[in-house]
Amino acid sequence: MPRLASHTDTVPPSGIRRVFELAQSLDDVVYLAVGEPDVEVAPHILEAAAAAWTADDTGYTPNGGIIPLRDAIRDDLRARHGVEVDRERVWVTNGATGALHLAMNLVLDVGDEVLVPDPGYTTFTMNAHLLSAAPVPYPLHPDRGFEPDLDELARLVTDRTRAIIVNSPSNPLGAIFPRETMERILAFAREHDLWVISDEVYERFTYGAGHTSMLGLGDDERVLAVFSASKTYALTGARVGWLITPPGFAPLLRSAQEAIVSCINTPAQHAVVAALTGEQEHVERAAEHYRENLDIATALLRERGIRYLEPSGAFYLWVDLSYATEGDVASWAERFLLEQRVAVAPGSAFGRMGEGWIRVCVAASEADLLEGLGRLPGPQNEGVSAAGRAEAVR
């Protein structure tokens, strides 16, 4: 058999999927591991997709997406972020995952380095390896509220560094970078002549802190921004995301999209047109549901004396179980699943800085959430004062 490309050996497996697939083989599991919305898709979105299928609107579309969808994305950016982009900067992709891969494909050569958040979403690192580039983690420390230290970032830059990935609201942290932090990161990118790949998938789920889009900070020439319908509209399986590029990328993107996916599922694109242009009350209700679940979950954690990061966005809780995991949270998460039938994502799946932490997805029923968190080991079992650990990281 011919050998595989050498870079395939460097792509790390997903620690989240490991737990998910193990859970699939078990009965009576409380699922709090995978970021799957637990709300229903709004009827008008489903009707738009069904109408496209019924009308046999199933042919190829332009590489960048159908015009009504690209225009709807453009209009949405203008309305919610005050950002003006023309249609040729909007590229519809195979979910946000496709947008991230496309963005990294555009700016990274073999051997180039990309700064990735640690803890950060697994795909950032996996994509870099798959492109024969090198992911360089930049630590997000608990004692800084999981915000980047720009002096530390500067020490990581080499002559091979080409890009930095920013994720706000954050998966897995549920944290939002304030505008000042986003501006400092962009200034850092200018100073070191880096591309900025901004993952803004959870932009619609914020709680008490506004989302700042990197697109609105005045540097269109170096920012590639990633968005998705998956979480906002509970369309994870429809696989529709979009990449906003700097001006002038259209000729290159036509070829790149043709080579990678040609185009995205046509009925799914019509569904997202309806999602973006229709009423948004169901999105607001989803955000309220996640906010209520976060309140319920954090109240229980405080009562039990378990430390967590105060969530300000997305639908995740970042929980400190270092007192129970013995320096190997991945193995602990598997044992916890097998013994307690609760699936959570080990923090180490998101980088070295995640050791000892777990990510809990609160897109679940209140009963499942309380049951799952109630089975977590408490710090009292380790001789640690509950009162001393109950304060949230901020």
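Helix α2 (residues 43-54) packs against helix α9 (residues 266-277) at an angle of about 145°, and their axes lie 8 Å apart. Here axes are lines fitted to C-alpha atoms, for helices over the stretch in contact, and angles run from 0 to 180 degrees between N-to-C directions. The model is predicted, with local features requiring pLDDT of at least 70 and side-chain atom pairs counting only at pLDDT 80 or more, while totals for chains, interfaces and linings use all residues. Residues are numbered from 1 along each chain as its sequence is written, and side-chain values use heavy atoms, without hydrogens and water. Helices (H or I, at least four residues) and strands (E, at least two) are DSSP runs numbered from the N terminus.

On the α2 side of this pair, His44, Ile45, Ala48, Ala49, Ala52 and Trp53 meet Pro267, His270, Ala271, Ala274 and Ala275 of α9; contact means heavy atoms within 4.5 Å. By class, the contact of α2 with α9 comprises 9 nonpolar, 2 polar and no charged residues.

Elsewhere in the model, 4 strands form an open antiparallel sheet in the order β9-β10-β13-β12. Because β9 (308-309) and β12 (345-346) stand at the edges with a single partner strand each, one side of each is left without a neighbour in the sheet. Two strands pair if DSSP finds at least two bridges between them. Strands β9 and β10 (residues 316-320) run antiparallel and are joined by 2 bridges, with tyrosine 308 partnered by valine 319 in β10. Helix α10 (residues 281-304) packs on the sheet, touching β9 and β10, and its direction makes about 10° with that of β10.

On another pairing, β10 joins strand β13 (residues 357-361) in the antiparallel sense over 5 bridges. There, valine 319 has isoleucine 358 of β13 as its bridge partner.

How many residues of β10 are buried? Of its 5 residues, 5 are buried, where buried means under 20% relative accessible area (1.4 Å probe, protein chains only). In a regular strand the side chains alternate between the two faces of the sheet. Tyr316, Trp318 and Asp320 lie on one side of β10 and Leu317 and Val319 on the other, and both faces are covered.

Key. Ala, Val, Leu, Ile, Met, Phe, Trp, Tyr, Cys and Pro count as nonpolar, Asp, Glu, Lys and Arg as charged, and the others, Gly among them, as polar. Buried means under 20% relative accessible area, exposed over 50%, partly exposed in between (1.4 Å probe, protein chains only).
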